[in-house]
Amino acid sequence: MGQAVAEPILTTHALSKSFGALKAVDGVSLSIRKGSITGLIGPNGAGKSTLFNLVTGEIVPGEGRVELLGEDITTLSPDRRFAKGLGRTFQIPRPFKRMSVLENVMLAPLDQSGESLWGSVLGRRNMWRQEAAIRERALEILDFVTLGPLADHPAGKISGGQMKLLELARVLMGNPELILLDEPAAGVNPALTETLIEKIEELNRGGTTFLIIEHDMDFVMRHCDPVIALAEGRVVFEGSAVEAQANTVLLDAYLGAPLDA
Amino acid sequence: MIGVISYLVFFTTVAAILSIAVLGLNLQWGNTGLFNGGVVASFGAGAYGTLILGGAPQESHFGGFGLAYPLALLGGMIFAGLLAWVVGVLTLRLRHDYLAIATFGVAVAFENVARNAIWLTGGAQGVRGFERPLRAELGDGFLYNLIFLVAVLIALWLVFLFLQRLTVSPFGRMLRAIREDETAARSLGKAPDRVRLTAFVTGSVIMGLSGGLYGTFYAFISPQDVLPILTFQIWAMLIVGGAGNNAGAIFGTFLIWGAWTFSGWALARFAPIEAQLYTGSIQFVLIGFVIVGMLLWRPQGLFPERLVVSQPGANRDKPQAEGLT
């Protein structure tokens with residue numbers, strides 16, 4: 001790696017996952033630098049999404065380990081990983097469609113006293129006090145991602161791009177250290193993409209690390225550094241965006257077309 | 001006249017008792033999306049538990065612990081909860097249709113145990129030796145039934161209040177989120193397995209309360225009271241009333257129970273003699289029609305779930321009225 005060495009926030013050690021005879025992820029060892037916006041690229045079927053799901057805990061690795069801030073989280077469930085500071089969005093947004101935008105966001109904070117059966121029925125004073133604080137923070141975050149005016153809309157009725165912003169807002173409620181974004185720019189109109197990028201960069205300046213899967217090479221080259229490329233389940237390139245752009249073998253072989261950047 | 005009032009008291013008592021069970025199912029299905037096909041197992045566990053714990057000692061079967069009535073009723077609810085916990089741990093990983101089949105099987109097994117474990121339940125003869133609480137003081141007449149109705153209505157009101165509070169709380173929000181998209185909820189730090197189990201057991205305890213009150217009302221419970229048809233009746237009540245809406249669930253119960261009672265009376269009164277043998281079967285068919293009809297034409301029920309119930313964000317500066325009560 002040509003990067004200045006910084007403390008890694010996430011490391012994977014020889015991570016592998018097979019589906020039948022297919023080795024979707026094959027011995028991937030990575031280290032995501034704290035404070036970076038790391039891009040994860042590769043052709044369809046390269047294993048990007050599987051790697052994502054291994055990191056977030058949706059699927060269990062066949063072999064290897066995942067560490068978050070030095071702690072082994074390989075066997076933790078996704079909800080525990082969120083509590084440890086790992087947030088994610090989905091390639092196809094998954095809002096709770098029949099809940100309001102605001103409720104979607106208010107769901108996310110951890111350790112809500114009203115989430116226990118008895119806390120919700122008996123500890124009401126405490127619960128509503130907490131709710132008021134959560135609500136205020138949720139509205140702030142919705143304003144931050146420009147969805148404030150839509151707070152009361154059913155989340156199923158907003159646009160696909162707005163859903164991506166909503167997913168980001170939900171994740172932010174958990175104060176994550178590391179956010180994994182799965183194709184944030186796909187299917188989003190350019191204006192909203194700009195908003196999303198702005199927010200990502202603003203959060204990044206505040207110290208949040210991002211790992212982003214993205215097919216839009218322009219997006220990756222402009223906003224991600226470093227860049228990691230996967231192909232057939234293996235890491236085939238790891239370096240700065242500038243190096244990635246100069247690497248014609250990478251571009252030709254794995255991305256299909258050269259960039260006209 | 002007194003006959004009519006007396007009948008209305010009887011009708012309302014049974015409908016209110018069943019409403020409690022329907023509210024329990026509403027927590028499981030309406031709020032959490034758990035397809036419980038074995039409602040009658042929880043209902044029966046509550047009834048058998050209450051009567052065995054609260055009854056006088058019997059030669060013919062187990063129990064007769066003669067516990068004070070509130071303890072017996074509580075014991076019945078706990079028994080229903082324990083049964084649900086075991087069933088839940090084993091089956092809640094299953095999704096909709098499979099969960100329905102598994103829980104239906106549990107209910108059939110429950111009925112068969114009740115019918116065949118004579119030493120435990122009295123078999124087909126039912127549980128004997130239970131006396132209604134305060135019978136000595138209040139007698140067996142109209143006054144008793146009236147007071148019992150009031151007690152049942154208070155129980156119904158408490159269950160309703162409990163569930164209403166639950167629905168608008170963060171717990172309710174979490175249930176709806178898990179119902180809609182488990183993967184997304186898990187990615188936001190929620191633990192669906194644990195939450196579903198909590199909702200399943202809580203709903204079953206409520207059904208156990210309903211069964212306990214039902215057994216108390218008749219001072220008797222037998223396998224005939226825990227047949228699968230009761231599960232379908234309770235489902236019909238919820239579907240007609242509106243899954244996800246507690247008030248709708250109660251309305252649906254009164255409506256369906258009224259229709260059931262009325263159809264039985266009308267068939268007995270007006271159907272040709274040769275058809276009267278089949279009155280029960282015809283009622284079963286009618287319940288089936290009601291369920292299928294509602295699902296086809298108005299799947300959300302007469303009183304649909306009110307979406308987005310908690311926490312409007314529009315009036316940002318105003319404190320939440322609901323939150324201050």
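Predicted model: local features only at pLDDT ≥ 70, side-chain atom pairs only at ≥ 80, totals over all residues.
**Figure 1. The six-stranded sheet of chain A.** Chain A contains an open sheet of 6 strands in the order S6-S7-S8-S3-S9-S10, and the pairing in this sheet is mixed. Its edges are formed by S6 and by strand S10 (234–239) of chain A, each of which pairs on one side only. On average, and with direction ignored, neighbouring strands of this sheet are turned by 20° against each other. Strand S3 (residues 37–41) of chain A pairs with S8(A) in the parallel sense over 4 bridges, and the bridge partner of A:Gly39 in S8(A) is A:Ile212. Helix H1 of chain A lies across S3, S6, S7, S8 and strand S9 (227–231) of chain A, running at about 150° to S7(A).

**Figure 2. The four-stranded sheet of chain A, with helix H1 packed on it.** A further open sheet in chain A is formed by 4 strands in the order S2-S1-S4-S5, with antiparallel pairing. Strand S2 (22–33) and strand S5 (71–72) of chain A are the edge strands of this sheet, each pairing on one side only. Helix H1 (residues 48–56) of chain A packs on the sheet and touches strand S1 (8–19), S2 and S4 of chain A, while its direction makes about 60° with that of S2(A).

Figure 3. Chain A is divided into domain 1, which comprises residues 8–94 + 176–255, and domain 2, which comprises residues 96–157. The C-alpha centres of these two domains of chain A lie 28 Å apart. A:His153 is found in the loop between helix H5 (124–144) and helix H6 (160–172) of chain A. Is this residue, A:His153, buried, exposed or partly exposed? A:His153 has 17 C-beta neighbours inside 10 Å, and therefore counts as partly exposed. When residues up to four places away in sequence are not counted, A:His153 touches A:Ser100, A:Val101 and A:Ile158. A:His153 and A:Met99 are 54 residues apart in sequence, but their C-alpha atoms are 8.3 Å apart in space.

**Figure 4. The side of chain B that touches chain A.** In the contact between the two chains, 31 residues of chain B meet 36 residues of chain A. On the chain B side, helix H7 (142–168), helix H8 (170–180), helix H9 (182–187) and helix H10 (192–218) each supply at least two residues. Which of the helices of chain B gives the largest share of the side that touches chain A? That share, 7 residues, comes from H8(B). By class, the side of chain B that touches chain A has 13 nonpolar, 10 polar and 8 charged residues.

**Figure 5. The helical fold of chain B.** Chain B has 14 helices and 0 strands. The radius of gyration of chain B is 20 Å, close to the 20 Å that the globule rule gives for 325 residues, so chain B is as compact as a globular protein of that length. Along its principal axes, the C-alpha trace of chain B spans about 60 × 45 × 40 Å. Of the 325 residues in chain B, 48% are buried. Among the contacts in chain B with a separation of 6 or more, 77% are accounted for by residues 24 or more positions apart.

How values were computed. Residues numbered from 1 in each chain as written. Chains lettered and ligands numbered in written order. Pairing = 2+ DSSP bridges. Contact = placed C-beta atoms within 7 Å. Axes fitted to C-alpha atoms, helices over the stretch in contact; angles between N-to-C directions. Domains from an automatic or database assignment. Nonpolar A, V, L, I, M, F, W, Y, C, P; charged D, E, K, R; others polar. Rg over C-alpha atoms; globule rule 2.2 N^0.38 Å. Buried ≥ 20, exposed ≤ 12 C-beta atoms within 10 Å, placed from the backbone.
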